[in-house]
Amino acid sequence: MQIIKPEEVLSEYYPPLTDHEALVEANRCLYCYDAPCTHACPTHIDIPKFIKKIATQNVVGSARTILESNLMGATCARVCPVQELCEGACVLGAEHKPIAIGRLQRYATDYVYERGIDVFKPGPPTGKKVAVIGAGPAGLTCAGELAKLGHSVTVFEKRELPNGLSTYGIIVLREPVEVAQAEAEMVRRLGVEIKTQMELGRNLSWDEVKQAFDAVFLSVGLGGVPMMGIPGEEYILDGLQYIETSKMNPESLKVGHQVVVIGAGNTAVDCATIAKRLGAERVTMVYRRTEREMTAYDFEYSFVKNEGVEFRFLTQPVEVLVENGQVVGLKCVRMALGAPDASGRPAPVPVPGSEFVLPCDQVVKAIGQEKPAVARLLGLETDKGFIKVNQNYETSLPGVFAGGDCIRAKGAASTVMAVQDGKLAAFAIHRNLMAGMGAAADD
Amino acid sequence: MADLSINFAGIKSPNPFWLASAPPTNSGAQIHRAFEHGWGGAVWKTIGAPVLNVSNRYGAWHYGGQKMLAINNVELISDRPLEVNLKEIRDVKRNWPDRAVIVSAMVESKPEAWRDIVMRIEDTGADGIELNYGCPHGMSERGMGSAVGQVPSYCQMITSWVTEVAKIPVIVKLTPNVASVVPPARAALAAGANGLSLINTINSIVGVNLDTLEITPNIGGKGGHGGYAGPAVKPIALNFLSSLGVDEEVRRYGVPISGMGGISTWKDAAEFLLLGATSLQVCTAVMHYGFRIIEDLVDGLNAWMDAKGFKTISDVVGKSLHRISDFNDFDLSFRAVARIDPDKCIRCNLCYVACNDTAHQCIDLVDASGSVVPPFRYDVHSNGKHEAVSTRPQPVVREEDCVGCRLCHNVCPVEGCIEMVEVPSGRASVTWRELTEKRPEVTDDWEAMKRYREEVGIDIH
């Protein structure tokens, strides 16, 4: 039997660009003016500028250019759906290959993190204190930007490690834990205090936070995987937990021989990839809609197909079959597409009498996340269960701002959108705090 | 198939491509190999006075990821014993009777030294002699090379020492390290030179190492000027070459010119021929890629000549020389404007920023509704490829304001996207020479210039 070493099969998929590769690719960039890649990037990184700096071998300047617009540039370089964003808009895309913007961004940001180079300094102290709840990409970005502006920032994080899904929820194949930790360290070195294992409503009281800080930014992300309400559901593994174990303690991850993954988003794809790479003979993804409606990025879908993962579209699980405490199959019903539902997509409806059983010994579900519980806890106004904010990212409670996945009522959640929220919210918080001090707002 | 053979002042070769006197022609073994690849001729690396070389010898200029747009060298003439060179020259010529074997020479500026080297070269059976008046480093400090080429009277005196005794054609190789190459060329011809060749290398310091702060190339902590050559010098070479082609006195001698300086492709070669070169010498491109490049030099030139209907090299030589003019004789009423093909345009906006920042501010960004919009106008919340691409404005030239500077055409990365289109100016053709003969006041009186402009309708804003 072949021995599978998780650290090998799950290690980062793309190798770093060599200096020569980076130089050649950077020189291929046309250096567009008012470039479409920059427009397409939700954080509007000045992409031609950072690429030109790689070409002139000013790599520190390149990293600074990236991080000025996007403090989580090393993560975004790895996890952004670049085909839909910067690279998708590259003027060279039509006839040639677009510039490998993501890979170049990784080259520049890795350069500074590997060498421990800090490209920013904390701003002159303003005497203002800001609390950030949740140390994911939105929270760390907001904290870092505020620290650059001279505010004293404390981040409260319920987990052991900071950087949210970048740390726990993206498979190592795409982003190693060390990258996410380097970003958090960079924010720490800007003077931000990150207090881990502190959770609002558990060991952190809202009243204390309100009293001790001049402003609050909520970046709590979303909750756990929702219940499907089917018999045997207690035997289904949580997809995010599955990914987390593969990153933090891969040796302990027990992967079945025949694994079914419920869902067709990026998390589901990542779960299927882990199962396949850690030795499952057969991995099947089941999704109640079709290929067209699936939310995984195109490149993730192609990737997992190449990994040998199979798909069952228009398939809805109805029961987990268990014998002697061991999963033996997933009973499903076939679906047909009906009239559009609330999301505007055709609603899948069960086909009567089409039940069948998918034999399997492990079922994982990755069907999205629960809405943020903190909204109820603090009595915040919500929008479809997400925290409602105005254009300045301020919630219904004055002085309390929010950003990241917990406000994403519209559009798909992504790291880069969370970063942009954190950045813009930081500027809004700064304007609010400084307005009372008669200082010019700096955005 | 066009006939690529040439007869250069009696020196025959099956094609016009000769290896220039340089490291690629350092030895018989190399030239044997070059001839096997198809080179039409070779100018032996300069033989003559005893020398010693140093290392490092070659520096290079790289740009935008492209290696060796130019090379610079502090290598001297051949450091191999004279007898060894002469023996190998004899051997090469005996083996390759149909190829041009020319020997470059440089000795002390004494008549007997030159006479002696000429005799010894002729004894080898070589087809011609090239007098190296061009080397700008090492030899010039000893009163040879460019020290001769820069002073027409030396040029004439030494050339006459050679032509008095030489029975084979004598080519004088000129240095570009002069304001004009015409006076030394005239001097060489007056002394009986049978042909000219140019350009030799240009004085240069190729760079400074930013880690060590040493000069490139570093020679034991020091560095100095060396000879500059390669693709980057081609335009300079074409200018010097054409300056000979349009000089009446030089033309009267009717001698052929061997052109060189950055020839890397058949296209470069064709341009040198069109501006008056009969044979073509190549060095840097070979030092970069090896002798094998001769295949496409010949193949590409042949295809172009066939397509253009040129049967022989002499059909091509000097064909564009009559177009060489100067500002005084340009038509002030000729008008061209830039036109951007929106179907080919990839909207990189390089034309826009070049025109707006550094030229004449006559390219607008126009959105889908036809309105002129400023750059960077999108909202901070706008993102994604669809929004970025679908809302991207199109650069459009305001032709009435375009002065026809051609900068946008030059910066555009897409072949055939921005064309310069001739448009009627509505003014009678007139040159500066004609205008200032008729109305000399416009040369020193802005009011007079203004009256003239208003009369003919030239609006500058």
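1. The largest nonpolar core has 156 residues. A:Leu218, A:Val261 and A:Phe401 have the most contacts inside it. Helix 17 of chain A (residues 415-435) gives the most to this core, ten residues. Another core, of 94 residues, lies apart from it and includes B:Val101 and B:Leu244. Here a nonpolar core is a set of buried Ala, Val, Leu, Ile, Met, Phe, Trp, Tyr and Cys residues joined through C-beta atoms within 7 Å. Buried means 20 or more other C-beta atoms within 10 Å of a residue's own, exposed 12 or fewer, partly exposed in between, with C-beta atoms placed from the backbone.

2. This is a predicted model: local features need pLDDT of at least 70, side-chain atom pairs count only at pLDDT 80 or more, and totals for chains, interfaces and linings use all residues. Residues are numbered from 1 along each chain as its sequence is written, while chains are lettered from A and ligands numbered from 1 in the order in which they are written.

3. Look next at A:Phe401. Beyond its neighbours within four places in sequence, its contacts (C-beta atoms within 7 Å) include A:Phe217, A:Leu218, A:Tyr393, A:Ala425 and A:Ile429.

4. A:Glu234 is exposed, because 8 other C-beta atoms lie within 10 Å. A:Glu234 sits in the loop between strand 4 (215-218) and strand 5 (237-238) of chain A. Its C-alpha atom is separated by 29 Å from that of A:Ile407.

5. Chain B has 461 residues, 41% of them buried. Its C-alpha trace spans about 80 × 60 × 50 Å along the principal axes. Helices (H or I, at least four residues) and strands (E, at least two) are DSSP runs numbered from the N terminus; chain B has 17 helices and 20 strands.

Technical notes:
Contact = placed C-beta atoms within 7 Å.
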